[in-house]
Protein chains: 2
Amino acid sequence: MSRTEPRATGFIPVSPPTLADVAERAGVSRQTVSNAVNNPDLLRPGTLERVRQVIEEMGYSPNRAARNLRTRSSQLIGLRVAPAQEGTANAMMDRFVHTLVDTSAEAGYHVLLFAGDNEDPVGGYENLMRSTAVDAFVVTDTYLGNPQAAWLSEHRAPFVAFGRPWDDPAATHPWVDVDGAAGTRLATEHLLAKGHTRIAWIGWRKDSPIGEDRRAGWLGAMHDAGLPTTGLASRVEDSVQSGAGAAAVLLDESAPTAFVCASDTLAMGVLHTLWIRQLAPGTDIAVVGFDDSQVAQVFPVGLTSVRQPLEDVAVAIVRALEDLLSHLPATTSGVLLTPTLAVRESS
Amino acid sequence: MSRTEPRATGFIPVSPPTLADVAERAGVSRQTVSNAVNNPDLLRPGTLERVRQVIEEMGYSPNRAARNLRTRSSQLIGLRVAPAQEGTANAMMDRFVHTLVDTSAEAGYHVLLFAGDNEDPVGGYENLMRSTAVDAFVVTDTYLGNPQAAWLSEHRAPFVAFGRPWDDPAATHPWVDVDGAAGTRLATEHLLAKGHTRIAWIGWRKDSPIGEDRRAGWLGAMHDAGLPTTGLASRVEDSVQSGAGAAAVLLDESAPTAFVCASDTLAMGVLHTLWIRQLAPGTDIAVVGFDDSQVAQVFPVGLTSVRQPLEDVAVAIVRALEDLLSHLPATTSGVLLTPTLAVRESS
DNA sequence: AACGACTCCTTGATCGTTCCAATCCAGCTG
DNA sequence: CAGCTGGATTGGAACGATCAAGGAGTCGTT
């Protein structure tokens, strides 16, 4: 009687079996089937086996909408994707999304992408939260003082940030980040070990906390080695042209033998300048980039680059999400991971 | 009475308002509120206005799970992401996903990413379909004779493919693809217009229908121009090294003045060889790649490349999905779009 | 023999929405 | 004025799962 007549008619796709269908066929109650799926321990082994077999036979999977409605959870994690824009190297995001999807799948979650609107950055979040479409969010762009983290905190929406709360160290939300300073320190020490002493820095303008963090790693390593840094640093915007320009100026004025850059994009610029000047990367002048992007890997001269452990970031984020959603007291509020160095021909 | 006491207690996030809450406050029935949201035309203007105001006041959004359960649709589109793997240039996928998310948002859909397992390529699809978690799928990797399209067709799962059904021209599912041959023809004709006559081809092995398609564009353009092609083509696997090797051989044996490549990866290899031989791309030898990937854009010498109209692909896919899900007769089964040429310094 | 404790399973209610059929009401017709 | 029409609104049922109680049945204890 749960399978009324009109449901099986016509060429319209036949509805999948329900809990009640399985129950009837197995000669047990709905709840028992439910338990077979969600709490197998509650059933006697014999019953469990029988129910499982019927489930298999009928190809039953719990209807997600019904389950979501009842349990008030969707097993979905929302991830905002910025509007498609040209040029910006988001190959890193690609790697991150892949690992996030893989990792959260293991924890029983799927990833829901939603469109971001630059005009109204929190609109998408609000919508999904109010309609209880996702259980939590992963927020990735916490760098510029964007209002998302604050807004989500205020509205008590569960979320984990990829990126430290730079502007508000007192923020209480969980976050995972990569230690940029440790990365550039790694790069600089690698160059020091190779015998370089005049190691230049090309980074971003002062208003980027991430940029300042990365710069600090270079500066610290140089100071620890007792080396001077005056005239060896420059701050430009993140583009190939700017990187090329900065490299040209530094080469003319300070004669460095190596460059550490805040991004692969800037490093590309350096390589460009070297190329024009007929200097061989790696032999004449060493170059290290940041992010280990696609370009670093395929460039005719492989670019040594600081590589973020995005797999570990994804794992940490998913773990934080699980803690958050199980209403456990958060184990820790922030996790800081250390990058590695992918060494190639350019250094 | 719909708002029982315990719901508003404690620090546990207060439940969002429901249809019934809005109805009570507005002094109308649930159904009327529902109509205000979904079928405004059915309401008298005055009523509509009043209900809308209450909705606004209370910050009401329909609960997605409940709606999904009742309507048997989730407004979600499933997209499988291949397991994270190193090296393969999927920056194109990145661009595609962005535009797909944007486009489907306009049509009221979100994109659900799910993990793919190489062992069991259809497992993820089956799961989501049986649990009615998504309304349809977008399948992107139809190149190698993978079983997904066939499996989905067989199980009557709604889906649209990005990529032609090469192995089965009789397949009836909707698809959208980019005309690779037209792209390489465009590239070749661009080079012909620049005065080149000895234009070489570096492509993939014969078992790739996409590769053969792209090759055909070059071949056709050369034939149409009455130019010989013997000794000017080579087939290798898709890697920088292979491209570099092929370029070296071709330069030695056939003295081409230009290269058309089946991918940016191969074009990178060509540039590498030119670099080693101190030949200037663009002035000495012209090079054209395929996909307009990140590397093409930032390479010290900008790489001319065939650019797939991924935005248009996304739009066409979403349109096909809408047709499919509204149970309209599909307007057309397949859509073939023409790429453009992004001209840079290398040609 | 009665009782509680425990295991295993079942029953009714519920989540929040939309579908369906029924009802109300004003305006028109004959 | 009854009868009809059609637009606006309503109440009950259903979607398919889980939750919260409650019943059998078995066992050991008093």
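## Strands and pairing

Two strands pair if DSSP finds at least two bridges between them. Strands (E, at least two residues) and helices (H or I, at least four) are DSSP runs, numbered from the N terminus. In this predicted model, local features need pLDDT of at least 70 and side-chain atom pairs pLDDT 80 or more, while totals for chains, interfaces and linings use all residues. Residues are numbered from 1 along each chain as its sequence is written, chains are lettered from A and ligands numbered from 1 in the order written, and side-chain values use heavy atoms, without hydrogens and water.

In chain B, strands β1 (residues 76–81) and β2 (residues 110–115) run parallel, joined by six bridges. R80(B) stands opposite F114(B) in β2(B).

## The sheet

An open sheet of mixed pairing holds 12 strands, in the order β11(A)-β5(A)-β4(A)-β3(A)-β1(A)-β2(A)-β2(B)-β1(B)-β3(B)-β4(B)-β5(B)-β11(B).

## Around DNA strand D

DNA strand D is surrounded by 27 residues (a heavy atom within 4 Å). The closest are L19(A), S34(A), N38(A), T47(B) and R72(B). Sugar and phosphate make up 60% of the DNA strand D atoms that come within 4 Å of the protein.

Helices α2 (30–38) and α4 (64–71) of chain A, and α2 (30–38) and α4 (64–71) of chain B, each supply at least two residues of the nearby surface. α4(A) gives the most, with five residues.

## Contacts with the DNA

The side chain of Q31(A) has an N or O atom 2.6 Å from a base nitrogen of DNA strand D. For T32(B), a side-chain N or O atom is 2.6 Å from a phosphate oxygen of DNA strand D. A polar side-chain atom of R72(B) also lies 2.6 Å from a phosphate oxygen of DNA strand D.

Note on methods. A polar contact is a pair of N or O atoms within 3.5 Å; within protein, one must be able to donate a hydrogen and the other to accept it, and residues adjacent in sequence count only if both atoms are side-chain atoms.
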